[in-house]
Amino acid sequence: MLNTRYFLLLLLLIGTSCYNPPRDCKAFKEGTFRFTAIIDGKEQTTTFERYNDQEIDYFEGKADTSSIRWINDCEYIVKKLRPQDAAEEKSIHMKILTTTDSSYTFEYGLVGSSNKSKGTAIKVN
């Protein structure tokens, strides 16, 4: 009886540890989104519009355009079209981790870097 309980508990743990929440990344390839982050201790909001292979970011009254190269339905590389300095020349790898009806959680970092950050974007339109 005790062995049966341990066996069932082990099966339950194995089954739930492999669970990946469903995600509909295609629903977020295009649209208008809002992302809020803490920058230098201050909450900052960016709005961006994505159109398949291009993204326009609006931050502090300025627009900035980037190209997008999709790796698969849930991952893409962002590269600024008009970088202002060497740091902005570096591409960013974006990976959508989970989705809801109106938002997605993503992981991002410089291409080739192991340092990653997470965020959530809300689809506005």
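Q: What is the bridge partner of F35 in strand 8?
A: A121 is the bridge partner of F35 in this predicted model.

Q: What makes strand 1 and strand 8 (residues 117-123) a pair?
A: Two strands pair if DSSP finds at least two bridges between them. Strand 1 and strand 8 are joined by 3 bridges, so they pair. They run antiparallel.

Q: How do you know that strand 1 (residues 30-39) and strand 2 (residues 42-51) pair?
A: The cut-off is at least two bridges. Strand 1 and strand 2 have 10 bridges, in the antiparallel sense, and therefore pair. R34 stands opposite T47 in strand 2. The two strands form a hairpin with 2 residues between them. In the turn, D40 has a positive phi of about 50°.

Q: Why is D57 said to have no salt bridge?
A: A salt bridge needs a side-chain nitrogen of Lys or Arg within 4 Å of a carboxyl oxygen of Asp or Glu. For D57, the nearest side chain of opposite charge is K80, 5.5 Å away. Beyond four places in sequence, its contacts include T47, F48, K62 and D64.

Q: Why is L81 called partly exposed?
A: Buried means under 20% relative accessible area, and exposed means over 50%. L81 has 42% relative accessibility, so it falls in between.

Q: Where is L81, and what is it in contact with beyond four places in sequence?
A: L81 is in the loop between strand 5 (75-80) and strand 6 (92-99). Those contacts are Q54, T65, S66 and S67. L81 and D64 are 17 residues apart in sequence, with 8.1 Å between their C-alpha atoms.

Definitions and conventions
Residues numbered from 1 in each chain as written. Predicted model: local features only at pLDDT ≥ 70, side-chain atom pairs only at ≥ 80, totals over all residues. Heavy atoms only, no water. Buried < 20%, exposed > 50% of the residue type's maximum accessible area, 1.4 Å probe, protein only. Contact = heavy atoms within 4.5 Å. Lys, Arg positive; Asp, Glu negative; His and termini not counted.
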